Every structure is written in C-alpha cells, then in structure tokens.
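Have a look at it first.

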Amino acid sequence: MASLRNLAASLNPATSTDDVNRAESREIDASTKWPAIFLLGSAVVWLLIGTVFALISSFKMHSPEFLGDYEWLTFGRMRAAHLNAVVYGWSVNASFAVAFWLMARLSRSVLRHSGLLIVAAAFWNIGVTLGIGGILAGDSTSIEWLEMPLYATPLLFLAYALVGAWAVITFRFGKSQHIYVSQWYILAALFWFPWLYSVAEIMILLTPARGTVQALVNWWFAHNLIGLWFTSIGLGAIYYFLPKVLGKPIHSYYLAALGFWSLAIFYNWTGVSHLIGGPVPVWVQSAGIVASFMMIIPVFVTAINHHMTMLGNFDALKNSPTLRFIVFGAVAYTLTSLQGSLMAVRSWSEVTHFTHYTVAHAHWGMYAFFTMTMFGSIYYIMPRILLQEWPSAKLISLHFWATAFGVTLYVADLSIGGIIQGLLLNTPVLAHKFGLQEGTDPVPFLDTVKAALPYLKWRSYAGILITVGHVAFAINFVWMIVRSVEVTKTKLTLFCTPTDTEVAAR
Amino acid sequence: MNRAPLIFLSIFFALALSWTGIVLVNQISYGSLQPVYDENDGKAYPLQTPGLAARGKLVYQDLGCISCHSQQVRRLGYGSDIARGWGERQSVAHDYIREDRVLLGTMRTGPDLRNIGARQADHTWHYLHLYDPQITSAGSNMPPHRFLFETRKVIGQPSPKAIQDKLPEKYRPKAGYEIVPTERGESLVEYLLSLKDTYAYPETKNVYVEPAPEAGKEGEKK
C-alpha cells in the first residue's frame with residue numbers, strides 16, 4: 001500500500017517533493033517577513049521596557065526610598081506597568097508573530113495582504129503604549145491583568161480583530177489537508193481570547209457587575225489569558241519546533257489530541273482558585289480546585305508526548321539554540337502546571353495565597369515556560385525570514401544561560417521566601433511547628449515583611465541576571481536586522497558542530 | 001475530511017461551559033443582591049461611600065495600592081485574618097455590592113485593609129504613615145507617599161491641616177514653612193477611614209463558632 005502511494009507520488013508532478021516543499025516554505029516564509037519583523041521588533045522593545053519596570057519595582061520592594069519622590073514611578077504603578085508591558089507588549093506581540101508564522105507554514109498558505117497585518121500590529125502597539133502611559137499617568141483601573149485604562153481598549157480590539165481575521169483567512173486558504181495539533185491550539189487561542197477579553201471589559205469596566213461577581217469575572221479572564229492564550233500559543237510552538245528541529249514526527253498524535261481536549265475542558269475553570277477563602281460562593285471555589293487538579297491529565301499527557309519525542313535525541317540540545325530554549329520551556333510548563341494544581345489545594349493555598357509564592361508561580365509560567373519558548377521560536381524564525389544566520393552564537397549562549405539561571409534562581413528564591421512569609425502570615429501554628437516563630441499566636445505583621453526581605457533582595461539579583469540575557473538577545477536581534485541589509489548568506493547558527501545527530505534545522 | 005467545523009464547535013463549547021458556570025450562573029444567582037435595610041438604624045447596609053472617600057478610592061486605584069493590600073477577610077480557622085484583628089467577621093458578598101470597582105486583591109505584602117478604618121481611625125496616623133511609613137511602622141517596605149503632600153510657605157494663618165509639628169525632627173521643614181496633604185492625599189485618607197465592614201448581615205450571624213480545642217485546626221470544612 002505504501003509503495004503504491006510512493007509510485008503515485010513519483011508519477012504526479014504536483015505532489016510535493018523535498019525541493020518543491022522547500023521552495024514553497026521559502027515563499028511562505030518570505031510572505032511573513034515584514035509583519036513578523038515588525039511584531040518581533042516591537043516585542044523586543046517591550047521586553048526591554050518591561051525589564052526596566054521590573055527592576056525598578058523589584059528594587060523598590062526592598063529599598064522603598066529608591067526613586068521614592070516620583071509619583072509616576074511609585075511601586076503600584078511600576079508593577080502594573082511591568083505586567084502590562086511584558087504581557088501585552090512583549091508576550092502578545094511575540095505570540096502574534098509566532099502564531100502567524102506557524103499558521104502560514106502549517107496551512108501551507110502564503111500570507112495575503114501583509115500590509116494590513118502591519119497596520120494591525122501598529123494599532124496594537126499604539127494601544128499598549130497608550131495603556132501603559134495611562135497607568136503611569138494615574139489612570140490604572142486596578143483590575144489585575146486589566147490595568148490598562150478603557151481608552152486603550154478600542155485600539156486593542158481593532159488590532160485583534162484584524163489579526164484574528166487574517167489568521168482565519170490564512171487557514172482557510174491553506175492547501176494542507178489535515179490540521180496539525182499546533183493549528184488546533186492557535187485557532188482555539190485566537191477564538192478564545194476575544195471572548196475572554198470582551199466579557200471582562202464589559203462586566204468589570206463598562207457596566208460593572210455587582211459586587212464580587214466582578215472578582216469571578218476578573219480571575220476567569222486573567223487565568224484564562226494565561227491558560228487559553230499564552231499556554232495554547234506556547235504549546236503550539238513546542239509541538240511544531242520540537243519535532244521540526246529533531247527531524248522526526250511527534251511521538252503520538254493520539255496523546256496530542258488527548259492533551260489538547262483535556263486542557264480545553266479543564267483549564268478554563270481553574271481561575272477561581274485565586275479566590276479561595278474569598279467572598280465568593282464556595283461551590284465555585286471547589287469547582288476551580290477540582291479543575292486545577294484535573295489539569296494534571298493534560299500536563300502529564302503533554303509532558304510524556306514531548307519527552308518521548310525527545311528520547312534518544314538529547315544530544316541535539318548541545319547544538320540547537322531553538323531546541324534548548326524550547327525544551328527548557330516544555331519542562332517548565334510541566335513543573336509550573338503541577339505547582340499550580342498543588343496551589344489550588346485549600347490547605348496549601350491557606351499558606352501560599354497572598355504571598356510572593358504566587359509571584360514566583362506566575363514567573364515560572366509566563367517566563368520560564370512561555371517566554372523561553374518564544375525565545376526558542378524567534379531563534380528559529382528569524383533566520384528563515386531574513387535568509388541569514390544569527391550574528392553571534394556566543395550572545396545566544398549568554399542569553400540562554402543568563403535567563404535560564406536567572407529565572408531558576410528567581411523562582412526558587414521567591415518560592416522559599418513566599419512559603420516562609422505565608423507560614424508566618426497565615427498559619428502561625430504551622431510556622432511554630434517548623435521553628436519559624438516562638439509561640440503559636442500570629443507574629444506582628446512587620447515580622448512577616450522582614451522575614452521576606454532577604455528573598456526580595458535575591459529576587460533583584462536574579463532580575464539583573466535576566467536583564468543581562470535580555471540585553472544580549474536584543475543586541476543580537478538588532479545586529480541581525482542591521483546586518484541583513486548587507487550580508488546575504490552565512491553558516492548555520494549552532495553552539496557547536498553536530499556530530500552524529502541529524503539536526504534538520506533547514 | 002475537513003474536521004474544522006467539529007473542532008471549532010468543541011472549542012466553543014469548552015469555554016462556554018466555564019463561562020456559564022463561573023460567570024453567568026453567579027451573575028444570576030447573586031448578581032442582584034440588594035442592600036439590607038435595618039429598621040433599628042433606619043439605614044440600608046452597606047452604607048454608601050461618602051463623596052470625598054469615593055474620590056479617595058480613585059487615588060487608591062491609580063496608585064496601585066492593590067499590588068500589596070487585599071480587601072477581604074477570610075473566615076475564622078482559615079488563615080489568621082481574624083486572629084490578626086483584620087476584621088470581626090469574614091467578608092461576605094454583601095459587603096461589596098455598592099462598589100463599582102471591587103478591589104479584593106491577591107497580595108499581602110502589606111496588611112489587609114478591609115477594616116482599616118475600624119482599627120486605625122486616627123487621621124494623623126495615616127498622614128504620618130503615608131508621608132513616610134518608617135515613622136509609624138519602622139522596617140516596612142511600603143514606599144513613601146510624600147507626593148501626596150506639599151511643603152509650602154506659611155502665608156497668613158497656618159493651615160489647620162498642617163502636619164509638620166507631628167513629624168519627627170528630621171522631616172521638619174524650615175521655619176515659616178508647613179507640610180499639608182494635597183487634595184488627593186486628604187481624600188485617600190478619607191477613603192481608608194471609610195473602610196469598615198462592621199455591620200452584621202443575617203448571613204454573617206452565628207457562623208463563627210470558636211473551634212473546639214480538641215478538634216484542633218479546622219482544615220477543609222466550611
């Protein structure tokens with residue numbers, strides 16, 4: 001049967017051979033060039049801006065007098081500005097670019113009218129600039145993950161509508177017969193996001209729902225932004241790049257489908273776990289806890305699938321920058337998700353809720369998983385659209401080690417600090433049992449602040465390390481674009497020359 | 001075979017489920033809670049936030065106080081909110097129904113503020129604390145909010161709102177100058193003082209029974 005198909009393929013001139021395939025993807029890549037460069041360029045700028053905001057907020061946490069006289073630089077505004085710059089600036093721009101590029105390639109469809117896409121990207125970035133400027137100027141809404149003032153929203157919606165429409169068109173015009181799992185994730189994310197965003201904007205800002213229903217909407221939105229948008233795009237990218245770089249198919253399509261559908265069903269209930277113990281109906285909290293725990297299924301299924309794909313190819317990690325970042329992201333996804341399930345358990349939440357532990361968890365997810373995955377994707381995409389290699393493998397190496405070590409230090413440090421803070425703050429009996437305090441009565445509040453201080457300082461050191469990585473990345477990125485004007489062809493970017501492993505990087 | 005419509009439908013229903021369960025059902029079940037009219041007091045609870053305090057809430061929002069301060073008290077036996085004196089009872093949905101913007105918060109780098117008006121009712125304390133938290137709470141990592149005050153030359157009568165005499169030596173301005181809270185600073189303090197959930201709604205009565213000593217800490221039971 002298989003040989004018959006091969007025979008048919010050899011007779012049919014329209015059937016793709018390797019050469020035709022390659023020429024086709026080259027053409028598709030070329031069509032995504034300008035929108036991708038624009039989106040990724042904006043993403044890198046926001047990454048740097050967000051990093052500066054992050055450092056300022058982090059320093060202020062242990063040295064409150066630092067820049068203390070400027071209202072617009074006060075901690076509350078810096079923190080919100082940091083969150084929005086890295087989420088809506090860096091992460092969304094990067095995910096647009098990656099989602100697009102993947103969609104075009106997987107649908108085998110040339111991107112049409114890419115100029116309009118650039119207009120959409122410009123709208124998005126103007127919207128985010130307006131929003132963050134608004135936060136700094138004092139127009140923050142104080143809704144977590146939705147701090148940008150209402151006047152930034154129409155631009156964001158418009159931009160999103162264009163982007164979403166383009167992706168769907170690209171998909172519809174595609175020649176590909178079957179739908180790969182990355183496309184499921186991307187299409188689903190593109191569909192889910194506007195629903196989440198519009199419900200949140202309407203029920204919290206435009207016509208506020210009464211009382212704590214707002215809080216439910218807030219966390220339904222915020223956690224799903226992570227779970228259904230960023231996780232979907234991140235997993236979509238991993239599902240594409242992992243097999244692509246290794247040059248072998250994904251271990252199991254069945255597991256991929258199971259992972260996707262169990263994520264789609266369970267993830268969107270988990271947001272309520274941010275309100276455990278709060279003034280919202282207890283049954284919803286319980287539903288959130290159950291869903292968080294059920295998330296173990298998609299997480300394990302996905303982890304097994306990725307691991308089995310990697311099995312026997314771990315050597316390739318030495319060579320491929322993309323693979324190194326992607327694998328780091330995939331492992332972080334598994335760990336942070338399992339941590340998330342644990343955090344939803346009432347007795348664990350009692351300790352860690354309201355502490356720096358949650359901040360560590362957020363960075364594990366949004367940075368160690370999502371951002372690292374985006375870095376890996378960018379390292380793969382840029383050479384394909386510019387038709388030249390990265391200027392410096394050393395800078396990539398620096399980028400990887402600084403961010404990988406930095407975020408690991410960050411997460412470990414704040415998790416420990418958060419647990420200590422939480423024990424002292426919330427469960428004095430337990431804190432006493434662990435020898436953190438003398439009696440079993442709550443210690444004075446300021447003691448919980450002082451106990452966390454050393455960890456907050458170490459967080460700043462971790463932040464500096466991450467900043468070094470970002471600067472290396474930005475230099476390489478700008479250098480590459482500037483150089484692309486002059487140079488045409490260079491050799492493959494690898495940390496070292498592969499030996500027996502076949503790295504199908506092209 | 002084109003499975004796109006099927007995939008799309010499933011994607012739709014996946015989110016529709018939680019949207020119904022978390023958002024819609026709760027909006028229907030308690031999204032139109034009404035204030036409770038107390039015949040003895042002749043007032044409807046929760047009370048409306050007075051005008052200046054309502055403006056102060058906007059200051060609270062734009063400064064991002066929510067990054068470090070929650071506004072919710074958890075029940076007795078879960079966390080140590082009540083043992084810390086952050087409230088006499090747990091917060092209930094009724095407490096928030098007059099608020100256009102609900103600021104529950106998820107972080108306690110600083111203490112919970114849901115009842116700060118009840119436990120710290122002194123204006124001056126708040127002004128000193130905002131001017132520099134080290135004055136009232138040495139070792140705190142809260143940033144100073146000196147930008148909510150202005151130092152100005154005394155012209156004619158000194159302002160009754162001036163706080164410089166209450167500040168420690170090193171913060172005092174030159175003679176002939178005074179430090180007064182700006183309008184934003186004043187309204188923020190009014191807002192903080194307005195934060196108190198002391199009214200006992202029907203649903204908050206008889207729910208906090210001291211846990212029996214031999215039962216130890218109550219874990220999962222609600």
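Which residue of chain A forms a salt bridge with Arg146(B)? The partner is Glu65(A), with the closest N and O atoms 2.8 Å apart. Keep in mind that this is a predicted model, so distances and areas here are computed values.

**Polar links across the interface**
- The rule picks up 4 salt bridges between chain A and chain B.
- Polar contacts between the two chains come to 25 residue pairs, counting pairs with both residues at pLDDT 80 or more.
- On the side of chain A that touches chain B, helix α7 (residues 181–206) of chain A gives the most, with 10 residues.
- Sorted by class, that side of chain A has 52 nonpolar, 24 polar and 13 charged residues.

**Extent of the contact**
- Chain A brings 89 residues to the contact and chain B brings 80.
- About 6,900 Å² is buried between chain A and chain B, and carbon and sulfur atoms give 62% of that.
- Arg210(A), Pro279(A) and Phe354(A) supply 11% of the area chain A buries against chain B, more than any other three residues.

**Confidence in chain A**
- The average pLDDT of chain A is 91, and 93% of its residues score at least 70.
- Helix α15 (residues 393–426) of chain A has the highest confidence, at 97, while helix α1 (residues 2–11) of chain A has the lowest, at a mean of 49.

Terms used. Residues numbered from 1 in each chain as written. Chains lettered and ligands numbered in written order. Predicted model: local features only at pLDDT ≥ 70, side-chain atom pairs only at ≥ 80, totals over all residues. Heavy atoms only, no water. Contact = heavy atoms within 4.5 Å. Buried area = accessible area lost by both parts, 1.4 Å probe. Salt bridge = Lys/Arg side-chain N within 4 Å of Asp/Glu carboxyl O. Polar contact = N/O pair within 3.5 Å; in protein donor to acceptor, adjacent residues only side chain to side chain. Helix = DSSP H or I, 4+ residues; strand = E, 2+ residues; numbered from the N terminus. Nonpolar A, V, L, I, M, F, W, Y, C, P; charged D, E, K, R; others polar. pLDDT = per-residue confidence, 0-100.
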